[in-house]
Amino acid sequence: MTIVQLRAFLAAMDLGSFTAAADELDITQASVSELIARLERELGAALFMRGGRRLAPTEAAHALRAHADQAVGAIDNGVESVRALRSLEGGTCTFGVLRNAAYYDLGDLVQTFHRRHPLVKVRLVGLNSALVASSIAAGELEAGVVVLPVEEAGLRITPLFRDEVLFASSERSPDDGPLTIAEVTERKLVLYDAYAGWSDPTRRQLRARARLEGLTLDAAIEVEHVETALSVVASGAADTVVSRTIAEAPGFPDGILLTPFAEPLYDTVALVQREGATLSPATQRLADLAQEMLRERVTRHAGRIAAAAAPGSAQE
């Protein structure tokens with residue numbers, strides 16, 4: 001039994017003749033007759049009484065009608081769902097972003113996407129990059145923007161740009177020179193992303209450097225949000241690390257001194273998706289938009305640096 005046979009049956013039953021059904025389906029009358037004859041042989045029952053000016057449905061036809069409507073309707077709904085998804089007139093996209101997405105100009109990602117594609121449902125999850133990556137690997141999210149390093153098993157990773165990590169303190173001056181990892185291990189630290197802990201990508205890099213020198217790195221205070229950590233630093237209670245993007249954001253606390261590492265340390269921002277998986281059209285479009293917004297941010301940032309370094313600039 002095929003959907004084509006059921007369509008012919010329904011058209012004939014609704015229109016009362018094989019000729020009218022053929023016109024409706026844009027096939028020949030002989031094709032309609034053959035499709036219904038094959039269906040009757042398969043069912044072992046006649047569906048119509050032939051001979052009159054109008055087809056007379058049998059009891060078997062009435063019994064089949066509801067099921068045929070359901071089957072054809074399900075197929076039509078499925079086709080429409082796929083078409084809507086491919087044309088971004090429906091569907092749901094799932095996407096993850098790093099915890100501090102707003103600092104990377106991704107705060108308007110959902111609003112911008114929704115304005116362009118208002119019929120697509122969006123599930124945007126903002127967690128620590130390690131948790132976003134594990135959710136993508138588990139199939140809970142289709143893709144996301146994260147900070148590296150993350151566990152790479154089963155993931156396809158596309159690096160986008162690097163963001164320097166700086167030491168933030170209200171006491172340690174950059175005039176004292178670049179910072180070594182040995183000095184960091186001796187400082188009282190407040191670190192954020194407490195839930196992710198040492199699976200956090202930036203923390204992983206710091207701890208790996210310390211272990212290479214046989215040193216131990218730990219936090220005296222752990223909080224969830226970078227803003228809380230910076231308020232602790234501003235009070236003089238402890239020091240932390242922070243990306244240059246956050247350090248240069250409006251509202252960064254006054255009085256916090258920033259020092260680069262002797263061996264520069266970077267967060268690498270990347271797009272991540274499951275290895276071998278094809279993104280849905282909606283999620284692919286959201287991923288493209290995220291990359292576009294990040295590229296625009298990098299270009300603006302480079303322009304500001306060039307303007308500041310130009311002869312006669314206000315910062316000279």
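A: Happy to! A charge sits over a ring if NZ of Lys or CZ of Arg is within 6 Å of the ring centre and within 35 degrees of the ring normal. This is a predicted model, in which local features need pLDDT of at least 70, side-chain atom pairs count only at pLDDT 80 or more, and totals for chains, interfaces and linings use all residues. Residues are numbered from 1 along each chain as its sequence is written, and side-chain values use heavy atoms, with hydrogens and water left out.

Q: What makes Arg207 a charge over the ring of Trp198?
A: The charged end of Arg207 is 3.8 Å from the ring centre of Trp198, and the limit is 6 Å, so Arg207 counts as sitting over that ring.

Q: Why is the pair of Phe18 and Phe48 called edge-to-face?
A: Rings of Phe, Tyr and Trp (its six-membered ring) pair if their centres lie within 6.5 Å; planes under 30 degrees apart count as stacked, over 60 as edge-to-face and the rest as tilted. Phe18 and Phe48 are 6.1 Å apart centre to centre, with 85 degrees between the planes, so they pair edge-to-face. Both residues are buried (under 20% relative accessible area, where exposed is over 50% and partly exposed in between, with a 1.4 Å probe and protein chains only).

Q: Why is the pair of Tyr104 and Phe161 called tilted?
A: Their ring centres are 6.1 Å apart and their planes stand at 50 degrees, so the pair is tilted. Tyr104 and Phe161 are buried.
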